[in-house]
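Good morning, and thank you for joining.

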Amino acid sequence: MENTASPVTEDFLKNGEIEWQPLSLTLVEYPKGDLLGKFFAFTSLAPFGIGAGFVTLILFRRDLHTIAFFIGTLINEVLNIILKHIICESRPLVRGHLYNEYGMPSSHAQFVWFFSIYVLYFFIIRLHHINNNSIISALWRVIIVGSCFTLALIVCVGRVYLHYHTTAQVVVGSIVGFIFATVWFTVVHRILTPFFPQLVSLKLCEMLMIRDTTLIPNVLWFEYTTSRQEARTRGRKMAALKPTQ
């Protein structure tokens, strides 16, 4: 009878055990008992949280600017992979079969600084037309941008502290992220945005309910007032349809 055992089964029969390999994409190591290292390990997962936020926003908002921002983060990651294989600089600490890929430039640093700089440009340039005298509005912008920059600094320090990257690898990653954020925001703002009205008019975009909010000064306030007005209008209609006693 022909032997149809799988390669995994054959390895198990020959060696008596199977070698299990962890998914290093989300695995972050830190010194045992080091609370600061554990904190930096958690912050190293920030890019995954940001990515999940992008997917959520795209699914529920379906705004072209958000989609363009997300596409920029994907291109930024591809650029990082290309640079790593061109420079071919190893990481400062070898972790067995984990993280065998190169370390220059740091993908974490490049990601968080691309995200932070793009957010900064978005608030300064894209939302300049809603620069009113509202203290609360200005405060929220400062908090959001400040939080992004603080997170970027923490992630960069953490990557060096946990010996996943050298200081030079983190600095180069930050510079590349800064430069590409500037380039991509310019492309989106100057080249792609004028075509957004035509894109949302396409049949496919209409089917997917993709929208363009470029001309809406404050999307959050617009959605709030529109939904409140619609709820009141429907409430009045329902009240008018109730039989009088």
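Let me start with a question: does S107 count as buried or exposed? S107 counts as buried, because its relative accessibility is 15%, where buried means under 20% relative accessible area, exposed over 50% and partly exposed in between, with a 1.4 Å probe and protein chains only. S107 lies in helix α5; helices here are DSSP runs of H or I of at least four residues, strands are runs of E of at least two, and both are numbered from the N terminus. Neighbours within four places in sequence aside, S107 is in contact with E77, N80, K84 and H165, contact meaning heavy atoms within 4.5 Å.

Before going further, a word on the basis of these values. This is a predicted model, in which local features need pLDDT of at least 70 and side-chain atom pairs count only at pLDDT 80 or more, while totals for chains, interfaces and linings use all residues. Residues are numbered from 1 along each chain as its sequence is written, and side-chain values use heavy atoms, with hydrogens and water left out.

On confidence, pLDDT is the predictor's confidence in each residue, from 0 to 100. The chain averages 81, and 82% of the residues score at least 70. Where pLDDT is low, the predicted coordinates should not be read in detail.

Now the overall picture. The chain has 10 helices and 0 strands. Of its 245 residues, 32% count as buried. Among contacts with a separation of 6 or more, 72% are between residues 24 or more positions apart.

I turn to two helix pairs. Helix α3 (residues 46-60) and helix α5 (residues 107-126) have axes that come within 10 Å and cross at roughly 45°; axes are lines fitted to C-alpha atoms, for helices over the stretch in contact, and angles run from 0 to 180 degrees between N-to-C directions. That angle makes α3 oblique to α5, since angles under 35 degrees count as roughly parallel, over 145 as roughly antiparallel, 65 to 115 as roughly perpendicular and the rest as oblique. P47, I50 and F54 of α3 meet H108, F111 and F115 of α5.

The second pair is α6 (residues 135-161) and α7 (residues 167-192), whose axes come within 9 Å and cross at roughly 155°. The two are therefore roughly antiparallel. Here C156, R159 and V160 of α6 touch T167, V170 and S174 of α7.

H163 counts as partly exposed, at 45% relative accessibility.

The loop between α4 (64-87) and α5 contains P105, and the peptide bond from M104 to P105 is cis, with omega near -5°. C88 is found in the loop between α4 and α5; its phi is also positive, near 60°, and C88 is partly exposed, with a relative accessible area of 39%.

Finally, M209 sits in the loop between α9 (203-207) and α10 (219-241). At 56% relative accessibility, M209 counts as exposed. Its C-alpha atom is separated by 9.0 Å from that of D63, 146 residues away along the chain.
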